[in-house]
Amino acid sequence: MGARNSKEKEEGIGGGNNSATSSRREGKEIVCMASKGTRYTVQKVARQHGLSVVQADTVGQTLELLRNPRNSKRWIAVVAALGTKRGVNAIFDLAGDRSSVIDAAKKLPGCHVVIFSHTACRKRSCAQACEDAGADAVLCTEDALEDYLHVAKMLPVVEKIPFDAAAAAARKGARRDGMVTETTATTTAKSHDGEGGGRGRGGETDDDV
């Protein structure tokens with residue numbers, strides 16, 4: 001039982017804080033900046049792929065992990081929600097629809113950026129803003145994240161993954177549209193919310209709903 005509790009704390013379950021110096025194999029970890037519910041989903045999917053998850057509650061914590069030179073080959077992905085508080089955990093924290101978290105992640109070899117947000121999946125303009133800032137994918141279901149990570153593990157260094165969300169949905173059978181990539185942002189967003197509204201910041205900013 002003690003070993004299990006130790007493991008859960010290491011992976012960020014229950015609000016445990018992970019050290020940037022914990023020993024892991026290179027390219028086998030995911031930084032997750034999202035609420036508890038999304039974090040559990042990310043952890044569940046990550047374990048299926050032999051990956052571990054490090055919790056970061058704020059932009060500052062996430063940047064500390066990403067900018068540490070000792071971690072340059074540690075991360076396979078950053079999974080982040082849009083966030084709820086400016087200056088704390090909002091993904092858009094720079095002028096001109098930019099994100100310091102996305103910018104830092106894209107400087108690392110083989111590190112993918114995934115925005116996990118139902119709002120971004122519903123609103124085309126919000127999904128487009130995430131992609132314009134450099135996100136590789138915008139999605140909002142467990143199945144979509146599982147499929148994306150499966151592809152990400154095969155490609156160590158890539159800017160955009162040629163991921164066919166429609167084909168993935170067909171393979172799963174019961175899945176509905178839950179992923180938005182550069183090529184599917186328009187169709188997926190329309191299926192959820194017509195043309196979409198604001199870009200999900202300020203009053204529209206959410207965490208994972």
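Predicted model: local features only at pLDDT ≥ 70, side-chain atom pairs only at ≥ 80, totals over all residues.
Arginine 98 is partly exposed, at 31% relative accessible area. Its side chain meets that of aspartate 103 in a salt bridge, 3.4 Å from N to O. Aspartate 103 comes out at 25% relative accessibility, so it counts as partly exposed.

## Salt bridges across the chain

The whole structure holds four salt bridges, and the pair of arginine 74 and glutamate 29 is one of them, with the closest N and O atoms 2.4 Å apart. Arginine 74 sits in the loop between α3 and β3 while glutamate 29 belongs to strand β1, so this pair ties together parts that are 45 residues apart in sequence. Both partners, arginine 74 and glutamate 29, are buried.

Then there's glutamate 142 with lysine 44, where the closest N and O atoms are 3.4 Å apart. This one links distant parts of the chain: glutamate 142 is in helix α7 (residues 142-154) and lysine 44 in helix α2 (residues 36-48), 98 residues apart. Glutamate 142 is partly exposed at 27% relative accessibility, and lysine 44 is partly exposed at 42%.

## Two nonpolar cores

The largest nonpolar core has 30 residues, and Leu66, Trp75, Ile91, Val101 and Ile115 are the ones that touch the most other members. Elements giving two or more residues to this core are the strands β1 (29-33), β3 (75-80) and β4 (112-116), plus the helices α3 (59-67), α4 (100-106) and α6. Apart from it lies another core, of 21 residues, which includes Ala34, Val42, Ala144 and Ala152.

## Helix α6 and what follows

Helix α6 spans residues 124-132, and its buried residues include Cys126, Ala127, Ala129, Cys130 and Glu131. For helices in general, 3.6 residues make a turn, so residues three or four places apart point the same way. Just after α6 comes glycine 134, with a positive phi of about 115°.

## A buried glutamine

Glutamine 55 is part of strand β2 (residues 52-55). With a relative accessible area of 4%, glutamine 55 is buried. Its side chain has a polar partner, though: a contact of 2.6 Å joins it to the side chain of aspartate 57.

Terms used
Residues numbered from 1 in each chain as written. Heavy atoms only, no water. Buried < 20%, exposed > 50% of the residue type's maximum accessible area, 1.4 Å probe, protein only. Helix = DSSP H or I, 4+ residues; strand = E, 2+ residues; numbered from the N terminus. Polar contact = N/O pair within 3.5 Å; in protein donor to acceptor, adjacent residues only side chain to side chain. Core = buried A, V, L, I, M, F, W, Y, C linked by side-chain atoms within 4.5 Å.
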